[in-house]
Amino acid sequence: MGRTRQRRTVVALAAVVPLLLTGVAACGSDAGDGGDVTITFVWWGSDGRANLTKKAVELFQQRNPKIKVQTSFSAYAAYWEKLATQTAGGKPPDVLNVDTRYLAEYGGRGVLADLNQGAGKSVSLTDINPELAATGVYQGKRYAVPWAQNTPAMLYDPAAFTAAGADPAKGLTWDQYADATQKVSAAGGARGTTDFGILDTTLEIWLRQQGKQFYTPEGKLGFTADDLRRYWQLASRFRDSKGASPADVTASYNTSPEQSPLGKKLTSSEFAYDNLLPAYQKANGKPLNVAPYPADTAGNTGQYRRPSMFLSVSARSQQQEAAAKLVDFLVNDAEVGKIVGTDRGLAPNLKVRAELAASAKGADKTLYDYEAALEPKLGAAPPVPPKGAGAIQKLLQRTYEEVAFGRMSIDDAVTRFMSEAEKGLA
């Protein structure tokens, strides 16, 4: 992701604040003849995800012929740029995807409706795990409901790691993982892992293994400069030993499986979300597997039950009843669960999930089995990240790239990150 685009995104998000405070008009969802209403629905993702989502929307319209849904989607970075512009202009979509990193940003500034009130009460949470459902609550208001569940995980080429004498599925320590990645790299071809120093998700999991967290409930950094130094020293150890990807490959890292180092066969493992296994496998072309994070204490993987993404309703929508009806349908309908499969993760509705798990095959079965085995070890989800978390993610990536290219020492990079992050969260 280019730095110019990152700056545009931050600027666009910042522009939302003053415009929201002016009380711009509500989103103008059109009302048609004969009581018909039109609502807009946007999400991020690939063309494949779009095709599945549109099928689910078509089913909703068949069941609710008086509600028409206009849809659009974008890649992740472009999605947030566009959403910031729409929101600043007073025309946010009626139903939208929200990421955990931006829940406080949009919920706390009055963009999202409280689904504990009004039309939002029609969205049923009865069959959703209470801990998962609680992740959509910020400052006592339910701004979102989980559309799927996933967890951070290691995706890897089992053939490469078996040849190196390691079995990630059985659990590795960080030392064992470092040794295995060096052996995989030495065997030729792909590096053992994608350099994880740029990933806020991996930092979060590593911190949880240390008994800490990325953000405190008050919205401050939950770790010290020394914690970050030790994390980047760990990542640099992998890179310096050639177990991890070189700087140029790391800098070109893209969150889409197709454009990631593992997806492009440049590495043999990568930290990502477990639901991306089928997409990674398709891009890589080899049979891949999913494993827990390396951990130095058995069973303490730091992983948790995570909302892969949320569904929210605009507070400015003039058709909140129809919008809430679409959200409830996408979250709880069994046929929708079959249509979208594991593209976004496991179905949030536990009854739907159990039905799907019973008939799952291939990579889908791998995911269901993996999360079922991991379920007893999953910890509580962290607090909702504060406003500015999206910018902190980009700051971490930019700063670590300086370390990877040798343009900045770890100590100087830590000092810069902590200073800029604390100012951003002030």
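Visitor: Which residue in S9 does Leu155 stand opposite?

Guide: This is a predicted model. Strand S7 covers residues 152-156, and S7 pairs with S9 in the antiparallel sense over three bridges. In that pairing, the residue in S9 that stands opposite Leu155 is Val290.

Visitor: What is the bridge partner of Leu155 in S8?

Guide: S7 also pairs with strand S8, residues 269-273. The sense is antiparallel, over five bridges. The bridge partner of Leu155 in S8 is Glu270.

Visitor: In what order do the three strands of the open sheet with antiparallel pairing run?

Guide: The edge strands are S8 and S9, residues 289-291, and each pairs on one side only. The twist averages 35° from one strand to the next. The order is S8-S7-S9.

Visitor: How many of the five residues of S8 are buried?

Guide: A residue counts as buried when its relative accessible area is under 20%. Strand S8 is mostly covered. The number of its residues that are buried is five.

Visitor: Which helix lies across S7 and S9?

Guide: The helix in question is made of residues 362-374. It runs at about 10° to S9. Its name is H15.

Visitor: Which strands are the edge strands of the five-strand sheet?

Guide: This open sheet has the order S2-S1-S3-S10-S6, with mixed pairing. An edge strand here pairs on one side only. Neighbouring strands are turned by 20° against each other on average, direction ignored. The edge strands are S2 (67-74) and S6 (145-150).

Visitor: What is the bridge partner of Thr40 in S2?

Guide: Strand S1 takes in residues 37-44. S1 and S2 pair in the parallel sense, over eight bridges. Within S2, the bridge partner of Thr40 is Gln70.

Visitor: How far apart are the end C-alpha atoms of helix H3?

Guide: Helix H3 has 13 residues, 76-88. At 1.5 Å a residue, H3 should span 18 Å. The span in the model agrees with this, because the end C-alpha atoms are 19 Å apart.

Visitor: Which residue just after H3 takes a positive phi?

Guide: H3 itself has several buried residues, including Tyr76, Trp80, Leu83 and Thr87. An α-helix has 3.6 residues a turn, so residues three or four places apart point the same way. Just after H3, a positive phi of about 80° is taken by Gly90.

Visitor: Is Arg101 buried or exposed?

Guide: Arg101 is found in helix H4, residues 100-107. The cut-off for buried is under 20% relative accessible area. Arg101 has 13%, so it is buried.

Visitor: Which side chain is joined to that of Arg101 by a polar contact of 3.0 Å?

Guide: The side chain of Arg101 also makes a polar contact of 3.5 Å with the side chain of Tyr76. Leaving aside neighbours within four places in sequence, the residues in contact with Arg101 include Thr201, Tyr273, Pro385 and Gln393. The polar contact of 3.0 Å joins the side chain of Arg101 to that of Asp200.

Visitor: What is the relative accessibility of Ser245?

Guide: Ser245 is in the loop between helix H9 (225-240) and helix H10 (247-251). Not counting residues up to four places away in sequence, Ser245 touches several residues, among them Arg191, Thr193, Arg239 and Thr267. Ser245 counts as buried, at a relative accessibility of 1%.

Visitor: Which residue has its backbone nitrogen 2.9 Å from a polar atom of the side chain of Ser245?

Guide: The side chain of Ser245 is also joined to the side chain of Thr250 by a polar contact of 2.9 Å. The backbone nitrogen in question belongs to Asp195.

Visitor: How far apart in space are Ser245 and Ser268, C-alpha to C-alpha?

Guide: In sequence, Ser245 and Ser268 are 23 residues apart. In space, their C-alpha to C-alpha distance is 9.8 Å.

Visitor: What is the radius of gyration of the protein chain?

Guide: The protein chain has 17 helices and 10 strands. For 426 residues the globule rule gives 22 Å, and the value for this chain is close to that, so the chain is as compact as a globular protein of that length. The radius of gyration is 21 Å.

Visitor: What percentage of the 426 residues in the protein chain is buried?

Guide: The C-alpha trace spans about 70 × 50 × 35 Å along its principal axes. Among contacts between residues at least 6 apart in sequence, 76% join residues at least 24 apart. Buried residues make up 56%.

Terms used: Residues are numbered from 1 along each chain as its sequence is written. Side-chain values use heavy atoms; hydrogens and water are left out. Helices (H or I, at least four residues) and strands (E, at least two) are DSSP runs, numbered from the N terminus. The expected span of a helix is 1.5 Å times one less than its number of residues. Buried means under 20% relative accessible area, exposed over 50%, partly exposed in between (1.4 Å probe, protein chains only). Two strands pair if DSSP finds at least two bridges between them. Axes are lines fitted to C-alpha atoms, for helices over the stretch in contact, and angles run from 0 to 180 degrees between N-to-C directions. A polar contact is a pair of N or O atoms within 3.5 Å; within protein, one must be able to donate a hydrogen and the other to accept it, and residues adjacent in sequence count only if both atoms are side-chain atoms. Contact means heavy atoms within 4.5 Å. The radius of gyration is taken over C-alpha atoms; the globule rule is 2.2 Å times the number of residues to the power 0.38.
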